[in-house]
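Welcome! Take a moment to turn the model around on your screen, and then read on for a short tour.

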Amino acid sequence: MKDGICFIFGAGEYFKQPPEPKPGDFVIAADGGYAYLESNKIPVNLFVGDFDSSDRIPDNTEKITLPQMKNETDTAAAIEAGLERGYRVFHIYGGTGGRLDHTLANIQCIAGLAERKASGFLFAEDTVITAVRNGALSFPAGARGIVSVFAAGGDAIGVNEEGLKYSLKDAVLKNTRPVGVSNEFTGLPAEISVREGTLIVIFPKNVTPL
């Protein structure tokens with residue numbers, strides 16, 4: 001198991017300053033995401049894709065070439081490659097915007113990582129999307145902004161939201177009723193937890209979970 005972060009760059013939209021991977025991190029270009037990495041001079045460890053959205057193929061870089069007729073997305077295949085290399089924390093950029101179906105697919109991938117006891121963070125323009133399964137997500141004091149919580153893949157049982165403007169205790173959230181939209185941080189330490197099931201949590205990009 002690796003201690004670093006597996007960064008995945010997709011072909012979606014990008015916003016503001018690019019991230020800066022550190023030594024020990026692993027960078028994967030998911031097909032068209034390579035153009036962003038190249039333009040920002042971010043070194044690539046692995047290229048994964050079917051080359052349908054990339055007009056250039058990097059030389060001297062490890063590649064996993066996927067068939068164009070396939071069941072999984074390039075991002076899903078990149079996540080699998082990161083897991084196989086021992087990474088358990090994933091930061092995904094260029095995975096939102098553009099086609100809505102790909103954004104939804106990437107949110108499903110985040111939920112899938114939680115099911116496999118790994119952590120995924122999908123970075124959008126001003127927010128981050130993550131998932132927690134049968135566990136908790138904590139935030140530090142001083143956090144401000146909107147946080148929304150959704151059930152994924154069925155009912156989420158035993159949901160608690162503490163330290164937020166609207167609290168929940170041992171609640172059941174259904175994936176057909178969006179009652180967890182637009183809660184707010186109060187500046188107090190906060191925690192969102194679920195006893196059984198998976199939650200999708202959307203929070204501001206300037207807030208870092210503990």
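This is a predicted model: local features need pLDDT of at least 70, side-chain atom pairs count only at pLDDT 80 or more; totals for chains, interfaces and linings use all residues.

The protein is built from three helices and twelve strands. Its radius of gyration is 17 Å, close to the 17 Å that the globule rule gives for 210 residues, so the protein is as compact as a globular protein of that length. Along the principal axes, the C-alpha atoms fill a box of roughly 55 × 35 × 35 Å.

How much of the protein counts as buried? Of its 210 residues, 49% do. The protein exposes about 10900 Å², and carbon and sulfur atoms supply 50% of that area. Among contacts with a separation of 6 or more, 58% come from residues 24 or more positions apart.

Now for the rings. The count comes to eleven aromatic pairs, and two of them are set out here:

| Pair | Centre to centre | Angle between planes | Type |
|---|---|---|---|
| Phe9 and Tyr36 | 6.0 Å | 25 degrees | stacked |
| Phe26 and Tyr87 | 5.6 Å | 25 degrees | stacked |

Phe9 sits in strand S1 and Tyr36 in helix H1, 27 residues apart, and the pair links distant parts of the chain. Phe9 is buried, with a relative accessible area of 0%, and Tyr36 is buried with 14%.

Phe26 belongs to strand S2 and Tyr87 to the loop between helix H2 and strand S5, so this pair ties together parts that are 61 residues apart in sequence. Both Phe26 and Tyr87 are buried.

Finally, look for a cluster: ring pairs link Phe7, Phe9, Tyr14, Tyr36, Tyr93 and Phe123.

Definitions and conventions: Residues are numbered from 1 along each chain as its sequence is written. Side-chain values use heavy atoms; hydrogens and water are left out. Helices (H or I, at least four residues) and strands (E, at least two) are DSSP runs, numbered from the N terminus. The radius of gyration is taken over C-alpha atoms; the globule rule is 2.2 Å times the number of residues to the power 0.38. Buried means under 20% relative accessible area, exposed over 50%, partly exposed in between (1.4 Å probe, protein chains only). Contact means heavy atoms within 4.5 Å. Accessible areas come from the Shrake-Rupley method with a 1.4 Å probe; for residues, only the protein chains shown count as cover. Rings of Phe, Tyr and Trp (its six-membered ring) pair if their centres lie within 6.5 Å; planes under 30 degrees apart count as stacked, over 60 as edge-to-face and the rest as tilted.
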